[in-house]
Amino acid sequence: SDLLWSRVNKTSLKLAERSISVEFSGGAELLFGNVKKHRIRLPARETAWNLGSLLIWLRDNLLRERPELFVQGETVRPGILVLINDTDWELLGQTQYELADEDTIVFISTLHGG
């Protein structure tokens with residue numbers, strides 16, 4: 001009985017927090033208070049942090065203006081390149097990529113007004 005309870009407890013434990021770096025450039029930083037580099041500590045939670053949940057967290061916690069210029073639905077707006085540890089996110093599963101501690105996520109806007 002105690003062994004079974006131990007197993008249940010271990011499987012229901014929250015996943016560890018994540019410490020990551022997030023960078024914005026190409027104009028994307030203007031939407032985030034003109035700050036290019038952020039060190040973020042994501043809290044422990046029941047489900048894994050992935051890039052999709054990071055986008056929601058960024059929208060709700062760091063984005064200062066015009067969310068429609070950064071997110072569209074559940075992903076980034078077309079024209080924003082996303083790199084995960086210097087690799088195109090399209091090669092790593094996009095919003096499904098599961099964040100690891102010390103990841104660096106870079107958002108580069110290719111949208112330029114005129």
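Two strands pair if DSSP finds at least two bridges between them. Strands (E, at least two residues) and helices (H or I, at least four) are DSSP runs, numbered from the N terminus. This is a predicted model: local features need pLDDT of at least 70, side-chain atom pairs count only at pLDDT 80 or more, and totals for chains, interfaces and linings use all residues. Side-chain values use heavy atoms, without hydrogens and water, and residues are numbered from 1 along each chain as its sequence is written.

View 1. Five strands form an open sheet in the order 2-1-7-5-6, with mixed pairing. Strand 2 and strand 6 (87-88) stand at the edges; each has a single partner strand, so one side of each lacks a neighbour in the sheet. The chain has two helices and seven strands. From the N terminus on, the order of elements is α-β-β-α-β-β-β-β-β. Contact means heavy atoms within 4.5 Å. Of the contacts in the chain with a separation of 6 or more, 60% join residues 24 or more positions apart. Buried residues (under 20% relative accessible area; exposed is over 50%, partly exposed in between; 1.4 Å probe, protein chains only) make up 33% of the 114 residues. The accessible surface (Shrake-Rupley method, 1.4 Å probe; for residues, only the protein chains shown count as cover) comes to about 7200 Å², and 51% of it belongs to carbon and sulfur atoms.

**View 2. Strand 2 against strand 1.** Strand 1 (residues 18-25) and strand 2 pair in the antiparallel sense over six bridges. R18 has L42 of strand 2 as its bridge partner. S21 stands opposite R39 in strand 2. Side chains alternate along strand 2.

**View 3. H38 in strand 2.** H38 lies in strand 2 (residues 37-42). H38 is buried, with a relative accessible area of 14%. Its side chain reaches the backbone oxygen of V35 at 3.2 Å. That is a polar contact: a pair of N or O atoms within 3.5 Å; within protein, one must be able to donate a hydrogen and the other to accept it, and residues adjacent in sequence count only if both atoms are side-chain atoms. Not counting residues up to four places away in sequence, H38 touches I20, S21, V22, F24, F32 and L62.

View 4. In helix 2 (residues 51-61), L51, G52, S53, L54, L55, W57 and L58 are buried. Their cover includes strand 1, strand 2, strand 4 (75-76), strand 5 (80-84) and strand 7 (104-109). N50 caps the N-terminal end of helix 2, with a side-chain oxygen 3.0 Å from the backbone nitrogen of G52. A nonpolar core is a set of buried Ala, Val, Leu, Ile, Met, Phe, Trp, Tyr and Cys residues joined through side-chain atoms within 4.5 Å. Of the 27 residues in the largest nonpolar core, L54, L58, F70, L99 and F107 touch the most other members. Helix 2 gives the largest share of this core, five residues.

View 5. D103 lies in the loop between strand 6 and strand 7. D103 is buried, with a relative accessible area of 5%. Its side chain makes a polar contact with the side chain of N85 (2.9 Å). The C-alpha atoms of D103 and R18, 85 residues apart along the chain, are separated by 8.7 Å.
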